[in-house]
Amino acid sequence: MQIDVDIPFTRFQLANGLDVLVHEDHRLPSVAVNVWYQVGSGHEVPGPTGLAHLFEHLMFEGSAHVPAGAFDELLESAGATSNGSTSNDRTNYWINGPANALELALWLESDRMGFLLEAMDQHKLDVQRDVVMNERRQSYENQPYGLAWETVAASLYPLGHPYHHPVIGRMEDIEAATLEDVRRFFRTWYSPANASLAIAGDVTVDRTRALVERYFGDLPAGRRTPRLEQRSTEPVKSRRSVLEDRVQLARLYLAWQSAGHYTEEDAAFAVLALVLADGKSSRLCRRLVYEERSAQDVVAWQSGALRGGTFEIEVTAKPEGGLACLEAVVREELARVATHGVEAEELACAAAQLEAAFVHALERIGGFGGKADRLNEYLAFTGDPGYARADLERYRHVTPDQVVRTARRLVDAHAVVLSVVPRGRRDLASNSTA
Amino acid sequence: MSQTPSPLSGRPLDRTYVPTTGVPARLVLPEPDCFTLSCGAAVRLLERHDLPVVAVEALLPGGAGATPVAHAGLATLTADMLDEGAGGRSALALARTLDGLGAGFDSVAGYEDSRVRLWVLSPRLPEALSVMADVLMRPTLASDELDRVRCERMDTVLQLRDEPGSLAADALASLLYGPGHPWGQSLLGTRASLGGITRDDVVRYHAERYQPGNITFVVAGDVTEAVLRELLEERFAGWEGRTESSGIECAVPEPDGTVVHVLDRPRAAQSEVRVGRISASRCTPDYFSVVALNTILGGAFTSRLNARLREEKGFTYGAHSTFHMRRSPGPFIARAAVHTPVTDQTVRVILEELTRLVEEPVPEGELERAKRYVALRLPQAFEALGDLVTRIAEQVLYGLPEDYWATYVPQLLAVDRQEVRAAAQRYLDPQSMTVLVVGDRAAIEERLRGLEIPVRLLTEEAA
């Protein structure tokens, strides 16, 4: 069974450098408008952290011709919704709505791409700074294990590496952001030449093109982010740390530098993650959760990005359970893959799941991970918006040998090991020497 | 540049002009095919062949709301147990089969329903449906697996004590419905109730509830009626039975005026604030007024709660409200996680906004925006197969008319300001709200007392 996961598109470029992708999908009278800017939290280095994400918030607060509050009011009146997100490498924005809201969406997107600063003021910054600090409190500081990931990243990537700090930024940096920081950020990164626009849905290419030229054609080009090469960093020395947190169960985090996105190795790491910890019958779940029942849960994933990747395994202990023995089992199972390889059936299973996920992603035109977003992602990171088929092939072609090699790399490399333990229970940490 | 002449090209661009959207295209909704299997199960199928995928849901009315509180967690525990071995396959073998098919599969229970759900590429539907049939008709429900699943569940319940949002949800449900009502209990149950559930309880629950006469298969995607009928008939032949689903009739406590309850979470970075009361049934005749009302208050980004607490004051990452509508009146809940020092101000703002809706008519423009937001967004609610299944299941579960979705937009657009205000007066009386704060008591108690609303301290056990 061969399933086609292609997303057909028409591509054109405006004179100011804006890349435009149009995908027709007439199943429903809906449209998705998606804009990517080639700037993420990684571009903040060196400098205060959190600015890219704080800036994303300010993009919804109105621009020269859109009064404060009107951005979302106009969209909601048209039956449309919007959101945005910031990662290490990029910032994206989407609007989903009925097909007749296309022109409204393009007017709003072009106005904030071209004329945001005319309407920027201290009050908007003050409020969104507070909102973002509350986002940080809600999603990280007031959540169990909420500070684990930034602790791991800070050990895994050295100071000065774009992935050393969390996307949301450090509290003191968010608090200290000034209007001048915001202005400089916009002038540096936000322009047609550094953006791409994808439109998917119940539209025609000709009318869409005419509208895009009308609303975006006269924006000054700006400058394109120089393409940063994948950057190899010094492998970290083995680092162990312990974090006491308001948690009932101790949790072990094991993380390695792995491979950047869209590489062959990235696909092999993704398959290894599925073999190790996806579903009850995966190796670590079966042994730790199902058979030995010494863990509450275990997850593993490969997260490839522009300038490197992370492979991570997390295991949550049972009440009163320590993490040292869990770490020993994880290392034993990694060594088993590295030494004895994987079964053909395990690879077939992983391929079936990945294929299904690709088809699943074709169900939606918009939002995070919808077709418009994926066209922009492929363009931004591979240069080819039509990369979907090749992307799935990358996973289908993973061989047992490649999986063995990735496991071998993890066995040989130093891992960052973090133990998150209940307050006062450092005895549960794995080799708690920190 | 485009060679196609555009009607737009001649007009100079004036950015002060807001593009109009005109009349939206009509959403044409396909009618589901309805038929009944010889085992008694009903089927509703929406065919769609643009992607090689099928979504199937076996929907059963009756869930945790029909279980006595002593057995809180039985409905969800039984749902969890269905795929822990079935039809002679072990738990591991069953998981491997589904993974090998690339299928998405789960079984869940809510307060009023239980569902077994499947999402699979259409060429693999026959095999996946065989697994689904085993899971529904022939789960092993082995003691050893039950011990493991129950232990995992008890530890999950333990872990949720760390999550402020989860603590707030459980405490508020208990305050609103009382500890003797199934809706006052977490769907997951408590460590005590879980400990008391035996294998016999699970076997009996499955035998009584999971009967073909109670089931509706809701199916959407790449399969024809003839093929689906044959696949289902083959797999569910010989299964029989039907039970009347009986909810538990249970008194709820009368709220004695608005009270602020505080659950202490020392040194918490934020307070989880909830304001709630028992409100409307899903079958209420003023349903569309309630939808418009909630959109104005807290159902959208520009709603009053979010506009004031987030966009005006920066107190929170987001403030929202929801009417959790069930067959009997479910809870209305307004919620926000806010910076600790502004906890009392947040409670005050939420109560102010409720008062304003009760006392003042909603401006016409604001109502118009709210109605258009909900009505014009409808196509997006029919996009993925899972969306289609959810929409049809909602009709089945609440006995909504066949033309419900076809008449949804005109019904909503017909709501007027008087109806919105009447709904606010019916459901949002600020004098009868239960306010709950999960936060750092030492930092917030004194200022909460300054609100001149009675303050009561909760202990975690009581909550």
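In which loop of chain A does Arg293(A) lie? Keep that question in mind as you start the tour.

**Before you click**

This is a predicted model: local features need pLDDT of at least 70, side-chain atom pairs count only at pLDDT 80 or more, and totals for chains, interfaces and linings use all residues. Residues are numbered from 1 along each chain as its sequence is written, while chains are lettered from A and ligands numbered from 1 in the order in which they are written.

**Stop 1: chain A**

Select chain A and colour by secondary structure. There are 15 helices and 11 strands. Helices (H or I, at least four residues) and strands (E, at least two) are DSSP runs, numbered from the N terminus. The radius of gyration, taken over C-alpha atoms, is 23 Å for chain A.

Of the 434 residues in chain A, 55% are buried. A residue is buried if 20 or more other C-beta atoms lie within 10 Å of its own, exposed if 12 or fewer, and partly exposed in between, with C-beta atoms placed from the backbone.

**Stop 2: Pro46(A)**

Select Val45(A) and Pro46(A). The peptide bond between them is cis, with omega near -10 degrees. Pro46(A) sits in the loop between strand E3 (30–37) and helix H1 (51–58) of chain A.

**Stop 3: two arginines**

Most residues other than glycine have a negative phi. Now select Arg293(A). Its phi is positive, about 55 degrees. Here is the loop you were asked for: Arg293(A) lies between helix H10 (283–291) and strand E9 (295–305) of chain A. Arg293(A) has 14 C-beta neighbours inside 10 Å, so it counts as partly exposed.

Go to Arg267(B). Its phi is positive too, about 60 degrees. Look in the loop between strand E7 (259–264) and strand E8 (270–278) of chain B. Arg267(B) has 10 C-beta neighbours inside 10 Å, so it counts as exposed.

**Stop 4: where the chains touch**

Show both chains. 65 residues of chain B are in contact with 64 residues of chain A; contact means C-beta atoms, placed from the backbone, within 7 Å. Elements giving two or more residues to the chain B side include helix H4 (143–160) and strand E10 (331–339) of chain B. H2(B) gives the most, with 6 residues.

Conventions:
Contact = placed C-beta atoms within 7 Å. Rg over C-alpha atoms; globule rule 2.2 N^0.38 Å.
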